[in-house]
Amino acid sequence: MVLASQAQHGMWITEMMHGGGTAYHMPFAMWFDGPLDRGAMLKACESVLARHPVLGCAFEDRDGELHLVPAADRPPVGFVRAADADDLLREEIARPFDLGRGPLARFTLAEVGPSRHLLLFVGHHLVFDGMSKDLLVRDLAAAYSGGPLPPLPMPYGAAATIPPEAAAYWHTHWRDRPTVVIDGVAGTARTAGRGETILLDLTAEMSGWEGVGVTRFELFLAAVHALLFRYGNAEPAVAVAMSTRRPETGEHIGLFATELPLYSAPTPDTTLAELAHDLRARLRELNRFRDIPAARAAGGIRPRPALAPVSISFRRRAADVAFAGLDVVAEWKMSNHMVRNVLHLQAVDGDDGLRLTLHHSPDLIGREHVERAGEHLRAVLAADPGLRLADLPLPAAAPVPAPAPVGTPVPGASAGAVDGELVEQVRQIWMEVLRIEELAPDEDLYDLGGHSLTITQISARIRKRLGVEVPFDVFLDDPTVAGVAAAVSELRP
């Protein structure tokens, strides 16, 4: 049993409160053509599981702290014959994970033809991230060829701390921007929803920025911010996936990534190159606090599937790995058919160029708007870096509607219907956890600086003292002492 990381805790409680569906499922498929040794491949999968113990874990809340514990069963490694690979992919990606029982990873090797096989890995994001795909392929290839895979220690267990400078940074920089305008359409994501994808090849467009003095990721980020600004978003907000790997965790499969919001404030006279350099500086500052989740450091941010309505994952893919005697094609950008915000841009930059997947929610923005946004992004990347944002060959900016409130707490009028002693017991628990000397029954937890850890600590004390398991979604519906006390009253036998 080891302590989960802050990123794992935040993701865990978000799924517990919102119900993530497949939003945190991370599928990865490899197609093999040739004389595959089935036994050796299945044994290689087992070797990978033995090397990376996090894949055999589950998560358990113990007294308000989240721990990784051994799963009830070993991760399955199965073999099937599949006449229809599409059905297999759809079923395996959709098959749910039990976070409390585990396991949170599974392998399926499928024979889809006389000399054609599909290896599908599906892992929960709690134990797997984008860079883990490269490590998975490398270790599978080594094990398939008979090479040793020495086991790695569990890479988690450090106590969660918030440095004062990180708290100060996020108190200053956090902006709640739930709404984004894309191609004239305003969208606000409340929960994770069904997702669709559009694929783009931006290899040619990424070749015109040499000499600007920024990385390929930074120029891509600048292009996205520029496009959002031209759409009428005065202060674009984009959540950026950032690696939290250190030298000691560089070889580990697991969750070593975070998503942090990055804001810009350009003007019509700002050039693309100036915007790129401004974002470069902002990224350097943000990078100092990449280990600290913004919601935990700032406090007062309701747990939500995404911290910004648009997000970017930009990853440099490792070089291809050979499997002896086999032709291999890997699907680096597979979709889990859900999206956590309005638009997610997943870019994979490899030796064969840059491929972009636009994940979007059709319930929030139509496909035709996302397709146009993709072509507009292509135009920005192909533009002269010295061009002013006002001169980009794009549609005129659309007005930005007033942001909708993220949520309105249910009034705490229920306190009158709940025993006063129970309300006082819950109030005392809140004051202990929040370390404040006084609060009213109708004060909002998030207005008081509450966050995901606060919620689990309050729930743990209620469970221990009052014998009631309060569902986490109560802290979304009515995050007040009165609301939680009312829930406890209803749940008491």
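Trainee: Where does Pro-103 lie?

Mentor: This is a predicted model: local features need pLDDT of at least 70, side-chain atom pairs count only at pLDDT 80 or more, and totals for chains, interfaces and linings use all residues. Residues are numbered from 1 along each chain as its sequence is written, and side-chain values use heavy atoms, with hydrogens and water left out. Helices (H or I, at least four residues) and strands (E, at least two) are DSSP runs, numbered from the N terminus. Pro-103 lies in the loop between α3 (85-94) and β6 (105-113).

Trainee: What is omega at the peptide bond that joins Gly-102 and Pro-103?

Mentor: Most peptide bonds are trans. The bond that joins Gly-102 and Pro-103 is cis. Its omega is about -10°.

Trainee: What is phi of Asp-63?

Mentor: Most residues other than glycine have a negative phi. Asp-63 sits in the loop between β3 (57-62) and β4 (65-70). Its phi is positive, near 55°.

Trainee: Is Asp-63 buried or exposed?

Mentor: Buried means under 20% relative accessible area, exposed over 50%, and partly exposed in between (1.4 Å probe, protein chains only). Asp-63 has 53% relative accessibility. So Asp-63 counts as exposed.

Trainee: What is phi of His-337?

Mentor: His-337 is in the loop between β15 (327-331) and β16 (338-339). At 42% relative accessibility, His-337 counts as partly exposed. The phi of this residue is again positive, near 70°.

Trainee: How far apart are the end C-alpha atoms of helix α7?

Mentor: The expected span of a helix is 1.5 Å times one less than its number of residues. Helix α7 (residues 272-287) has 16 residues and should span 22 Å. The model agrees, with end C-alpha atoms that are apart by 22 Å.

Trainee: Which residue makes a side-chain polar contact with the side chain of Arg-427?

Mentor: Arg-427 is in helix α10 (residues 420-434), and it counts as buried at 12% relative accessibility. Beyond its neighbours within four places in sequence, Arg-427 is in contact with Glu-438, Leu-439 and Val-481. A polar contact is a pair of N or O atoms within 3.5 Å; within protein, one must be able to donate a hydrogen and the other to accept it, and residues adjacent in sequence count only if both atoms are side-chain atoms. At 2.6 Å, the partner is Glu-438.

Trainee: How many disulfides does a search of the whole structure find?

Mentor: A disulfide is a pair of cysteine sulfur atoms within 2.5 Å. The sulfur of Cys-45 is 18 Å from the closest cysteine sulfur, that of Cys-57, so the gap is too far for a bond. Cys-45 is buried at 0% relative accessibility, and Cys-57 is buried at 5%. The number of disulfides is zero.

Trainee: How many salt bridges does the structure hold?

Mentor: Side chains of opposite charge can pair when their charged atoms come close. A salt bridge is a side-chain nitrogen of Lys or Arg within 4 Å of a carboxyl oxygen of Asp or Glu. The structure holds 44.

Trainee: How many residues apart are Arg-315 and Asp-134?

Mentor: Arg-315 and Asp-134 form a salt bridge, with their closest N and O atoms 2.5 Å apart. The pair links distant parts of the chain, Arg-315 in strand β14 (residues 310-316) and Asp-134 in helix α4 (residues 130-144). The separation in residues is 181.

Trainee: How many residues apart in sequence are the parts that Glu-235 and Arg-175 tie together?

Mentor: Glu-235 forms a salt bridge with Arg-175, the closest N and O atoms being 3.8 Å apart. Glu-235 lies in the loop between α6 and β12, and Arg-175 in the loop between α5 and β8 (179-182).

Trainee: What separates Glu-371 and Arg-367 in helix α9?

Mentor: Glu-371 forms a salt bridge with Arg-367, with closest N and O atoms 3.3 Å apart. Glu-371 is partly exposed at 38% relative accessibility, and Arg-367 is partly exposed at 36%. Because they are four residues apart in helix α9, the separation is about one helical turn.

Conventions: Contact means heavy atoms within 4.5 Å.
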